[in-house]
Structure formats: C-alpha cells, structure tokens
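Dear colleague,

Please find the structure below. My notes on it follow.

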Amino acid sequence: MNRFLILGLALGIGLLVPRQAPAQGQSALNPDISFITDFRILAADATPNELEFDLRELEIGGTGYLNPFARGDIFLGLHGGEVHIEEAYITFTALPGGWSLRGGKYYVGIGQFIPEHLHAFPWLEYPLFVQEFFTPEGYTDLGLNPSFLFGLGDLPITLSLDVLEGN
C-alpha cells in the first residue's frame, strides 16, 4: 500500500508541473519554482512482487530577484516524511567595489562536488570522501560568504571567504 502511495505521489507531481514554455514578457521579479524528485525502484534479483519503491527525496525550490541588486533562494526537501530546509539564502550581487555577499544556509563551496545538490550529478550518492569528511548529503551551514570577482586577462577568478556557524 505504501509503495503505491509513493508512486502515485511521484506521478501526480509530475502531471501537475506545466509542460509549456513560460509566457513572453514576464518581468525579472517573477520567481523560478522547481519540483525535483529522486524516485528509485530496486529490482535486483527480485520478482515483480518484490520490487522496492523508494521516494528518496522531493525537493521544492524557489529562486528569484528581490530587487535589481538582491536575489533570494530557498530549497525545501522532503526526506523520510520530514520537511527540512536544505538551503535558504540571500545574495547581494552589486555591492560597491565589485563585491557580492551571500548570507543564510547554503552548500559551502569546498571543491567541485559539495556546492551542488545531489540530483545535479550523474551518480546516486556523493563521492565517498564527501560522505566521510562531511555528511552523506554534502555540507550545508549557516554563514556569510563575501566574494570578489576579478580577472587575469581572459581568466575570471573569484576570491571568497566563508564565515560559518560550524555545526
């Protein structure tokens, strides 16, 4: 019974999401809203009656500009029947001197893998070193991230610093 409820929920959300292009002439202040599911069926060495259905994650995201100089992002995740905030931050994009500032809860920019959500990768889990040194779900924390973008010829370089709560 529980398997069919999860399957129905995943299919129902897929049917509710509009499949047409956005209307022309929308303003830049309209938010982008996304629904992303991580739905798995385990069928290894199983008969059709022994299939395992698993809705690993349902993620609802909202991103958008609050004004021409600030952007807000929030991502809520449903894991194991509990809703939690994966990321919620505001980014000031046009501070004086070419600086920008991000504040809130976000994936910390360590390396190439940690700043991304798991569904952005072509594999099922984070790499083992991320799971061992951080958490199985990457590494998010509350903090501030001032950054400065400068270039050396055609090579853009970002200088950034994270001040984190440390939990």
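Two strands pair if DSSP finds at least two bridges between them. Helices (H or I, at least four residues) and strands (E, at least two) are DSSP runs, numbered from the N terminus. This is a predicted model, in which local features need pLDDT of at least 70, side-chain atom pairs count only at pLDDT 80 or more, and totals for chains, interfaces and linings use all residues. Residues are numbered from 1 along each chain as its sequence is written, and side-chain values use heavy atoms, with hydrogens and water left out.

Strand β6 (residues 140–152) is one place to start. Strand β5 (residues 99–107) runs antiparallel to β6 and is joined to it by nine bridges. In this pairing, Trp-99 stands opposite Phe-148 of β6.

β6 also runs antiparallel to β7 (residues 155–160), with six bridges between them. Here Ser-147 faces Ser-160 in β7 as its opposite residue. The two strands form a hairpin with two residues between them, and Gly-153 in the turn has a positive phi of about 70°.

β8 (residues 163–164) is antiparallel to β6 too, joined by two bridges. Gly-143 stands opposite Leu-164 in β8.

A separate point concerns Leu-51, which lies in the loop between β1 (32–42) and β2 (52–67). Leu-51 counts as partly exposed because its relative accessibility is 22%; buried means under 20% relative accessible area, exposed over 50%, and partly exposed in between (1.4 Å probe, protein chains only). From C-alpha to C-alpha, Leu-51 is 6.7 Å from Ile-41, and the two are 10 residues apart in sequence.

Regards
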